[in-house]
Amino acid sequence: MTTTAQQRTQGRKTFPAHRVVASVGAVLVSFGLTLGLSAAAPSGLADRVIEHKLANGMTILMVERHQAPVVSINMTFGVGGVNEQVGQTGLAHLYEHMAFKGTSTVGTKDYEKEKPILDELHRVGTELEQRQRDISRRGADMPAEPAEQAAIEGLQKRFKELQDQAAQYVAGNEVALLYQRHGGVGLNASTGKDLTRYVISLPSNRLPLWAAIESDRMASPVLREFYKERGVVMEERRLRNDDSPTGSLYETFTSAAFRAHHYGVPTIGWESDILSLTPAATEAFFKTYYGPGRATVGIVGDIDPKEVITLIENTFGKIPAGPPPPQIVTVEPPQRGERRVEVEFDAEPSLAIGFHKPGLGHPDDYVFDVIDELLTDGPTSRLYSKLVRDSRLAAAVNSDANYPGVRSANLFVLSATPLAPHTTAEVEAAILAELERLKREPVSSKELERIINNLDADMVRALRSNSGLASQLALYQTVAGDWRYVVKSRDKIAAVTPADIQRVATQYFTKSNRTVATLVKKTGSKPLTTAVSSQEGRS
């Protein structure tokens, strides 16, 4: 459920969250409903959004659309990987998994009998792992004493007994099954650097079911099957990071680019941290960051806003507001020299180049959106046409204007996969040459007009479905503090000039501000037998 890197398909790419598409993993589901573009035009959006804020701080954003009796809901929390502490990386993502395990009323066959077993299981599991870590830290020269070993074996036996007892009371996957039985589709969640999101689309007359389930999950989650789900997260990490060439490359690249800010830490967490996460730490993290004051809910579809407000006040409104969470104070210091890293992997070479840039709301951020579109969006974009179509230096090329998050200063990233027999060095040189061209030559008015029109069309398409609009409203309310950013950004992007592009390219695309990561084959590894397609447009 964790967010993945931006991907390209047939020369088209998905967009970073700041742009206009919610890239943080939300599934855009519309029950097959295709709404006219005019219905979602940003120019009229400001008059159609109804905003309501509860006394406990929760924000509700609603838009009526009565074309079909369905509703899409996006609940976004302003919490992600950046809110974790040292030694507890991966907590936000782990809690996202645990949120689907239910509450004291959902996901259990008898909570009164289950609760004492879970309490004892969590106590025994924490003690067992602490003892094992203590012995491991001492090293092979100081093995466990007989009494210590006996204590560990006793705890292991008790842990297994408690797990078996707790399993008898689990009503597996009950949250998802409840939604499914009542026509819900697209149930999903995602965790990123800045956000955690929960999405669902369902018949509009089932909105009370959503309010009951989600207010219960916010008020009284239960961390059942904790150790089992933590193991699932570890397997996810191995699949996406450790055993994935792209995942390994980007994890190393990001850590090299950020020395101070938590953007440099993988959202899924470091292996040793994941294995040391405890139920107590996870519960404390939830209580600190997942209160109603951190939540924004976008609701779009066949609704009566007055009825929705009454429903939410009677459910979520009963949840008390928590204390304000700790503020993030760390700022990434200026980079003072190029950083280069290599990742050895038995895979085809690839390349990532990143330049530090401002985050959301900075005037230059809009310019990077335009540069992103100019360089890699579609078969006529500069880098795609030059590297993939014409010179055939690369099998794929991509860019991301807001990596790995949007709320803080981030990176403009360019990535590419060389097409054999060409090398990453050749591809890097070609990319840097194109960046130098941005500094020297003003973009023509015709090219700039096409790019801005494309961005505007992308924005309209992003708001086309109920789920897309709900996603955008909740996204921008959370990261920008105002959902109207989705409208304001349209004018900001339209005002970008060729001179702005030259200035930004000159200021930020410098060697000292650059981090480069390359994926290289291990010495002596055999070439992969899978051939790279030479079909034009394939990536």
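Predicted model: local features only at pLDDT ≥ 70, side-chain atom pairs only at ≥ 80, totals over all residues.
**Loops, helix packing and side-chain contacts**

Pro421 lies in the loop between E12 and H14. The peptide bond that joins Ala420 to Pro421 is cis, with omega at about 10°. A cis bond also occurs from Tyr403 to Pro404, where omega is near -5°. Pro404 is located in the loop between strand E11 (394–403) and strand E12 (410–418). In general, most peptide bonds are trans, and most residues other than glycine have a negative phi.

Glu225 has a positive phi, near 55°, although Glu225 is not glycine. The loop that holds Glu225 runs between helix H6 (207–219) and helix H7 (226–242). With a relative accessibility of 24%, Glu225 counts as partly exposed, because the value falls between the limits of 20% for buried and 50% for exposed. Arg392 is also a residue other than glycine with a positive phi near 55°. Within helix H13 itself (residues 382–390), the buried residues are Arg382, Leu383, Tyr384, Ser385, Leu387 and Val388.

Packed helix pairs were examined next. Two packed helices are described by the angle between their axes and the distance between the axes. For helix H14 (residues 424–440) and helix H18 (residues 498–508), the angle is about 130° and the axes are 7 Å apart. H14 is therefore oblique to H18, because an angle has to be over 145 degrees to count as roughly antiparallel and within 65 to 115 degrees to count as roughly perpendicular. The crossing of these two helices is left-handed. On the H14 side, Leu438, Lys439 and Arg440 take part in the contact, and they meet Ile501, Gln502, Ala505 and Thr506 of H18.

A second pair is formed by helix H2 (residues 91–98) and H7, whose axes cross at roughly 125° and come within 10 Å. This angle also makes the two helices oblique to each other, which is why H2 and H7 are not described as perpendicular or antiparallel. The crossing of H2 and H7 is right-handed. His93, Leu94, His97 and Met98 of H2 meet a set of H7 residues made up of Phe226, Glu229, Arg230, Val232, Val233 and Glu236. An α-helix has 3.6 residues a turn, so residues three or four places apart point the same way.

Helix H15 (residues 445–462) was checked for its length. At 1.5 Å a residue, its 18 residues should span 26 Å, and the end C-alpha atoms are 26 Å apart, so the two values agree. The buried residues in H15 are Glu447, Leu448, Ile451, Ile452, Leu455, Asp458, Met459, Val460 and Ala462.

Asp134 is placed in helix H3 (residues 111–138) and has a relative accessibility of 33%, so Asp134 counts as partly exposed. The side chain of Asp134 forms a polar contact of 2.9 Å with the side chain of Gln130. Ala144 is 10 residues from Asp134 along the chain, and the C-alpha atoms of the two are separated by 9.5 Å.

Asn74 is part of strand E5 (residues 70–77). Its relative accessible area is 2%, and because this is under 20%, Asn74 is buried. The side chain of Asn74 makes a polar contact of 3.3 Å with the side chain of Arg197.

His356 belongs to strand E10 (residues 350–357). At 13% relative accessibility, His356 counts as buried. The His356 side chain reaches the backbone oxygen of Ala257 at 3.0 Å. A further polar contact, of 2.9 Å, joins the side chain of His356 to that of Gln335. When neighbours within four places in sequence are left aside, the residues in contact with His356 are Ala257, Phe258, Glu332, Gln335, Asn410, Leu411, Tyr508 and Asn513.

Methods:
Residues numbered from 1 in each chain as written. Heavy atoms only, no water. Helix = DSSP H or I, 4+ residues; strand = E, 2+ residues; numbered from the N terminus. Buried < 20%, exposed > 50% of the residue type's maximum accessible area, 1.4 Å probe, protein only. Polar contact = N/O pair within 3.5 Å; in protein donor to acceptor, adjacent residues only side chain to side chain. Expected span 1.5 Å × (residues − 1). Axes fitted to C-alpha atoms, helices over the stretch in contact; angles between N-to-C directions. Parallel < 35°, antiparallel > 145°, perpendicular 65-115°, else oblique. Left-handed = near helix turned anticlockwise from the far one by under 90°. Contact = heavy atoms within 4.5 Å.
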